[in-house]
Amino acid sequence: MLQVENLRAGYGASEVLVGASLHVKQGMIVALIGANGAGKTTTMRAISGMIKPTQGTVLLNGKAVQGMSASQIARLGLAHAPEGRKVFGPLSVEDNLLLGAYHRLPGFLGFHAMAAPDLEKIYNLFPRLRERRLQAAGTLSGGEQQMLAIGRALMADPKVILLDEPSMGLAPVIVQEVFGILRRLKEQGITLLLVEQFAKSALEVADYAYVMDHGRIAVEGTPAELHRNEKVIAAYLG
Amino acid sequence: MNSLIIAQMAVSGALMGLVYALIAYGFQLTFATSKSINFGQGELVMLSAFFSLTLLNLGAPYWLMIPGGLLFGVVMGLVVERACVRLTLEQKSEGWILLTIIFGLLGFSAAENIWGRDDRPFPSPISSDALHILGINVTPVEISVAIGVFAVMGVIELFKRKTLLGKAFEAVSADRDAAELMGISATHTIMLSYGLSGMVAAMAGILISPITTVGPTMASALILKAFSVAVVAGLDSGFGVVVIGILIGVLESLTSYYLGSGWRETPGLLLLILALAIRPNGVFGKVSIRKV
């Protein structure tokens with residue numbers, strides 16, 4: 001579904017990614033773990049078009065998308081829930097969710113009725129968002145904002161979701177709640193690339209994982225394989 | 001008697017103030033999406049007024065001239081975005097400041113060459129015979145200014161709140177990168193904001209011209225006060241520009257009555273200086289709060 005080959009990208013003169021390759025098959029949750037500054041977020045940003053890769057290919061459902069703008073890639077079925085959640089603070093929770101489905105809804109009127117069944121699904125998954133649907137997204141707690149960011153990505157009905165550090169800045173009990181939701185989404189068959197500092201939790205939900213180090217993939221394998229790898233255990237799972 | 005004169009001055013000042021507010025609103029539209037504004041906005045008002053006058057002189061009926069003039073404004077707004085703003089924003093430079101000023105200068109010369117330097121009357125089918133309401137003289141033309149200003153701002157605000165496209169506009173204003181990730185093209189949204197801003201400028205020109213006449217220099221007086229209104233009110237509150245616009249309009253009308261017309265610019269400029277010194281985000285501006 002998502003195939004990344006030999007991706008290079010960076011910011012200005014400083015190159016962060018020096019040839020990263022990874023595959024996300026349909027219906028799989030793939031974790032991307034690694035130390036701070038290893039290039040996990042940059043990988044996601046280069047895949048979704050927030051920064052332009054300098055080299056390499058990104059195939060989304062077989063179509064080369066590297067070099068396209070972020071909005072074009074989003075319209076092709078990639079939903080990126082970015083680091084720091086980036087909800088639209090002044091807009092209501094419901095408007096945030098509607099905007100998640102922006103590219104498949106009519107622009108003027110009738111969009112609300114068309115999105116109603118999908119909104120219902122999101123509200124069933126996140127009852128807290130239903131309670132706060134008319135509240136400005138900026139007034140939500142960190143955990144609620146993370147739920148909203150995930151819900152907004154789901155609203156796009158995407159082929160692949162990139163989820164960057166859902167646990168960032170959240171209390172441990174909320175982090176468990178977020179991972180619980182990821183498990184439920186996994187049962188529903190979503191395709192997800194997950195970047196996470198909490199490598200242990202990430203490996204619990206993932207079908208496959210990549211360990212990133214200095215801008216390239218250092219180790220890859222199923223969670224069981226990584227749990228047998230002593231270097232990985234020492235560095236990330238200890 | 002005296003209080004009646006004050007009331008009279010206040011009413012006609014407030015109506016002028018609404019036009020300042022409308023032009024300031026045009027600044028807000030583009031600032032919201034792109035953090036840039038068109039410093040040639042006054043010339044856009046003037047060019048649209050001249051264009052509309054030409055339509056009338058060519059025999060177009062008044063009510064058909066309005067959409068024609070507004071369309072001209074939209075096109076000019078898009079020209080400004082394409083020629084003066086887009087490339088500089090892509091390079092993250094502030095070059096749009098200089099380029100939009102140059103656009104204004106070019107527009108000014110073009111108007112002088114095409115339409116001449118003279119101020120010309122702008123015919124309107126709306127009567128300018130004063131009505132007496134509670135002892136105050138108000139002309140239907142003046143009332144049409146108020147209606148026009150609220151109609152245009154009302155339609156745009158409805159668009160922003162009620163349509164998905166409008167919500168996308170707000171999303172780009174709130175977080176451009178995140179909006180892109182939703183499949184919203186920031187470039188198209190910025191084009192839209194410049195188109196709307198041009199339309200607002202054209203509306204201001206069409207509304208004010210029957211009262212002030214049309215001439216190449218009509219912009220300079222308007223634009224300075226529109227700037228004051230935008231800065232004092234802040235660049236993100238449509239309600240704020242209306243309140244501050246009316247306030248500045250009333251103040252300058254009273255100042256010119258009591259101190260002489262040479263002083264009419266002072267209240268607007270004094271408020272501008274005060275606002276920059278005390279509340280740079282504007283009276284109605286949101287003080288940015290960052291949650292870490």
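## Two helices from two chains

Axes here are lines fitted to C-alpha atoms, for helices over the stretch in contact, and angles run from 0 to 180 degrees between N-to-C directions.

Where they meet, α3(A) brings A:Asp95, A:Leu98 and A:Leu99, while α6(B) brings B:Leu164, B:Lys167, B:Ala168 and B:Ala171, with contact meaning heavy atoms within 4.5 Å. By class, five residues of this contact are nonpolar, none is polar and two are charged; Ala, Val, Leu, Ile, Met, Phe, Trp, Tyr, Cys and Pro count as nonpolar, Asp, Glu, Lys and Arg as charged, and the others, Gly among them, as polar.

## How to read the model

This is a predicted model, in which local features need pLDDT of at least 70 and side-chain atom pairs count only at pLDDT 80 or more, whereas totals for chains, interfaces and linings use all residues. Residues are numbered from 1 along each chain as its sequence is written, chains are lettered from A and ligands numbered from 1 in the order in which they are written, and side-chain values use heavy atoms, with hydrogens and water left out.

Helices (H or I, at least four residues) and strands (E, at least two) are DSSP runs, numbered from the N terminus.

## Strands in chain A

An open sheet of four strands in chain A has the order β2-β1-β4-β5, with antiparallel pairing; two strands pair if DSSP finds at least two bridges between them. At the edges stand β2 (14–24) and β5 (63–64), each with a single partner strand, so one side of each is left without a neighbour in the sheet. Eight bridges join β1 (residues 2–11) to β2(A), and A:Tyr11 stands opposite A:Ser14 in β2(A). Helix α1 (residues 40–48) of chain A lies across β1, β2 and β4 (55–60), running at about 110 degrees to β1(A).

Elsewhere in chain A, β3 (residues 29–34) and β9 (residues 208–213) pair in the parallel sense over five bridges, and A:Gly34 is opposite A:Met212. Strand β9(A) also pairs with β10 (residues 216–221) of chain A, in the antiparallel sense and over five bridges, with A:Tyr210 opposite A:Glu220. The hairpin of β9(A) and β10(A) has two residues between the strands, and in this hairpin A:His214 takes a positive phi near 45 degrees.

On a 1 Å grid over the protein atoms alone, a cavity is a set of points where a 1.4 Å probe fits but cannot get out, and lining residues have an atom within 4 Å of a point. There are three cavities of 30 Å³ or more, and the largest cavity has a volume of about 80 Å³, a volume being the space filled by probe spheres set on the points. Of the 13 residues that line the largest cavity, the closest to its centre are A:Ala79, A:His80, A:Ala153, B:Leu181 and B:Met182. The largest share of this lining, four residues, comes from β6(A).

The second largest cavity holds about 40 Å³ of space, and its lining has ten nonpolar, no polar and no charged residues. Helix α6(A) gives the largest share of that lining, three residues.

Technical notes
1 Å grid on protein atoms, 1.4 Å probe; cavity = no way out; pocket = protein on both sides within 12 Å on 5 of 7 lines; lining within 4 Å.
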